Amino acid sequence: MAYDKAQSGYVHSMYTGGMVDGPGIRTVVFFSGCSLRCLYCHNPDTWFRKRGNKMTVAEVLDEVIKYKSYYKHSNGGITISGGEPVDQPDFLLELLKGCRENGVHTAIDTVGCTTEDIMEEILPYVDLLMLDIKTYNPKQFMRITGQRMDKTMSTLAVAEALKVPTWIRYVLVPGLSDDLDDISKLASFLKQHNNIEKIEVLPFHKKGEYKWKDLGLKYELYDTQPPTVEQVEAARKIFM
């Protein structure tokens with residue numbers, strides 16, 4: 001499979017040995033740059049593309065392939081996250097092709113806020129789509145992200161048409177995404193999609209809020225506390 005090893009893009013950081021970003025042991029590559037401004041983002045330091053390191057596909061692959069034996073024995077691979085990976089579509093596509101050529105399982109963690117054309121080009125090289133759905137309420141989605149919800153739903157539709165295995169990630173934030181009626185509507189909607197293998201309910205946490213202060217950014221959720229165990233279980237029960 002031909003791919004452009006010299007295609008370059010901006011990478012915030014990479015770490016190996018990831019166990020919560022897809023199946024098996026994974027190398028997680030965080031792209032720099034994100035067009036969303038999620039109110040509870042725990043990586044606002046990844047928003048700005050040129051604060052990352054400019055790397056070629058070949059340079060990223062050199063790091064990824066070092067751990068190929070770990071991927072093989074654990075059914076792991078690479079997870080491309082961010083930032084927002086689809087904001088660098090050319091870099092993402094060539095990196096995915098390179099992974100496919102080298103027999104490395106690929107996952108992308110994305111909100112999918114891009115065009116159908118881009119997703120139709122990218123998703124054939126994705127082994128697992130990890131789609132972050134912020135809420136099923138259009139007004140709340142706009143409030144949380146600063147973007148419209150329809151592109152995320154369009155990405156899900158493209159993934160289903162291409163039969164791409166998909167995990168849904170849902171961050172439960174008190175006062176933003178914890179309305180049980182909205183969660184019930186989302187659960188009913190997701191039932192219609194045969195490619196969804198898993199739904200993860202992730203509790204909002206406070207670990208990244210110090211970054212907002214360090215970057216001089218206004219953070220609206222200092223007074224928002226993580227959901228209780230009972231709130232998380234109530235949401236999980238609806239999805240189940």
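The legends below describe close-up views of a predicted model. Local features need pLDDT of at least 70 and side-chain atom pairs pLDDT 80 or more, whereas totals for chains, interfaces and linings use all residues. Residues are numbered from 1 along each chain as its sequence is written, and side-chain values use heavy atoms, without hydrogens and water.

**View 1. Crossing of helices α7 and α9.** The axes of α7 (residues 180–190) and α9 (residues 229–239) come within 9 Å and cross at roughly 30°. That makes α7 roughly parallel to α9 (angles under 35 degrees). The crossing is right-handed (the near helix is turned clockwise from the far one by less than a right angle). Axes are lines fitted to C-alpha atoms over the stretch in contact, with angles from 0 to 180 degrees between N-to-C directions. Helices are DSSP runs of H or I with at least four residues, and strands are runs of E with at least two, numbered from the N terminus.

**View 2. Residues between α7 and α9.** Leu 180, Ile 183, Ser 184, Leu 186, Ala 187 and Leu 190 of α7 make the contact with Ala 235, Ile 238 and Phe 239 of α9 (heavy atoms within 4.5 Å). By class, 8 of these residues are nonpolar, 1 is polar and none is charged.

**View 3. Lining of the largest pocket.** Of its 29 lining residues, His 42, Asn 43, Asp 109, Asp 132 and Arg 169 lie nearest the centre (lining residues have an atom within 4 Å of a pocket point). Strands β5 (105–110), β7 (166–172) and β8 (196–203) each supply at least two lining residues, and β8 gives the most, with 3.

How values were computed:
Angles under 35 degrees count as roughly parallel, over 145 as roughly antiparallel, 65 to 115 as roughly perpendicular and the rest as oblique. Ala, Val, Leu, Ile, Met, Phe, Trp, Tyr, Cys and Pro count as nonpolar, Asp, Glu, Lys and Arg as charged, and the others, Gly among them, as polar. On a 1 Å grid over the protein atoms alone, a cavity is a set of points where a 1.4 Å probe fits but cannot get out, and a pocket is an open set with protein on both sides within 12 Å along at least five of seven lines; lining residues have an atom within 4 Å of a point.
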